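Student: I would like to go through this structure term by term. Please start with the definitions.

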Amino acid sequence: MNTQQLNETISKTLAAWNIPGGAVAVVQGDDVFTQGYGVLEAGKPEAVNADTIFAIGSTTKAFTSALIGMLVDEGKLAWDDLVIQYIPEFELYDDWVARHVTVRDLLCHRLGLERAQKIYYHRGYDQREIIRRMKYLKPAVGFRTGFNYANQQYGVAGLLVEAVTGKSWDDFITERIFNALNMSRSFSGHDRITDNKNFASPHAVLNETYPAGVRFLGEMSAIENFKLTHEPAGSIHTSANDLAQWLKALLNNGAPLLQPNTFNELTTPQVVMQDVLNSELAPLAYLQPATHFWTYALGWWAMDYRGEKVLMHGGQMPGYNSAVAFFPQRKLALAVMVNVHQTLAHAALFYAISDILLDKKDRDWSTEFQMVAQGYMAQVKGQVDEMRLKRDPNLPLSNKLDSYTGTFSNDLFGEMTVIIKDDSLNLKYGVNTATLEHWQGDTFLAHWNLKGLMDDSMIAFSPNGKTMTLLNDRAEYRKTS
């Protein structure tokens, strides 16, 4: 393993993207490389090392699917068992679909439901409350007709663990994976972290020149920690040294955690991705990185790269990004973590590190992904600028400002409360707040307190103030008081 080249490439990439801190784990055969880079928090001297804790977002999903695999090994459930066998209260918008959803359906994202990501920003709903609200998720595509990524179904998988074992997802993953692999600095949620000193602070670009969703480049500032907990789709916090132990298990066909046949099932393609350029993998597909097929297995994207089979998953949590991947035939694996909210640096490093390990050196992935990032930024900014040009701020409200106050409710997302504060409307959703800027007529632009994380939301009130609609989410809220 060429550790000098790895260090040089990783350091150069993180610097080019202005990443405050990052950590990497690489396993190739019997060789293991772990290293921290940069600092825990921008502007402060404390350095990242291989034991620094990062949040790894949706790379958590592979851990959750592995837990389900353990239960399959023990004969406690089967991949094609119906969810309602274990969770009788499970409901969906379509009752027939709810009665036919299997464990496999949950883990390969083929329920066809809308994503409704904003429900997680409430930060007051526990897992059961989120699952209860799934019955209001409208179908985006047909059941089992294609891939439609959503976090909620992995929450259901976590409740399956609880229903079958009598233990919470948190306790089960701690016992059966973290403890089993000696991952002593890995935690199922922020509230379980025992060492907050060697912890990478989350960062985002606060400059509002570009919308929050595309602030890939710019000066990074430390932001509020989102403190995600007990979330089977994305709440694991871990270190490079610990991830190295996970990578070893992946390269050992799942041992000592899983039987070979079960591990093979976890990593076998289940759903073909038909429209990659409109999916979570769009930045990767746009660059056509010697990949000919894109599929999803059970908690993993399964694809080819330079003629090699690779299992990969990215993970974003507010303030962090990560990527975990392994090449089973080559016996090499890697994990990348950075403490920045919006970036493609982790994707660039996935390919750059893979190329070093595969002895391919014909592309500058950091530069190529920066070009993609700049393209996205320009495109979205152009859309926002066009929207601003069409604005008529002199178009008056239909009623007095206090006509728009009150509590508004939506079956899926819950309640939002609107009050007047400092002569302007303010909105509260769970623990989050937003200031409403009058846009035109009865429409307002919500500026959320989660700076750098949540895009502004356009909100339209009915002239009588009885309903408000979050246009970005196509969600109508009715006044209840």
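Tutor: Two strands pair if DSSP finds at least two bridges between them. Helices (H or I, at least four residues) and strands (E, at least two) are DSSP runs, numbered from the N terminus. The model is predicted: local features need pLDDT of at least 70, side-chain atom pairs count only at pLDDT 80 or more, and totals for chains, interfaces and linings use all residues. Residues are numbered from 1 along each chain as its sequence is written, and side-chain values use heavy atoms, without hydrogens and water.

Student: What makes strand 15 and strand 16 a pair?

Tutor: DSSP must find at least two bridges, and strand 15 (residues 424–429) and strand 16 (residues 432–440) have five, in the antiparallel sense.

Student: Why are helix 2 and helix 7 called roughly perpendicular?

Tutor: Axes are lines fitted to C-alpha atoms, for helices over the stretch in contact (heavy atoms within 4.5 Å), and angles run from 0 to 180 degrees between N-to-C directions. Under 35 degrees counts as roughly parallel, over 145 as roughly antiparallel, 65 to 115 as roughly perpendicular and the rest as oblique. Helix 2 (residues 60–73) and helix 7 (residues 169–178) pack at about 85°, with axes 11 Å apart, and are therefore roughly perpendicular.

Student: Which residues of helix 2 and helix 7 make the contact?

Tutor: Among them are F63 and A66 of helix 2 and I177 of helix 7. W246 is also in contact with F63, A66 and I177, among others.

Terms used. Lists of a residue's contacts leave out its neighbours within four places in sequence.
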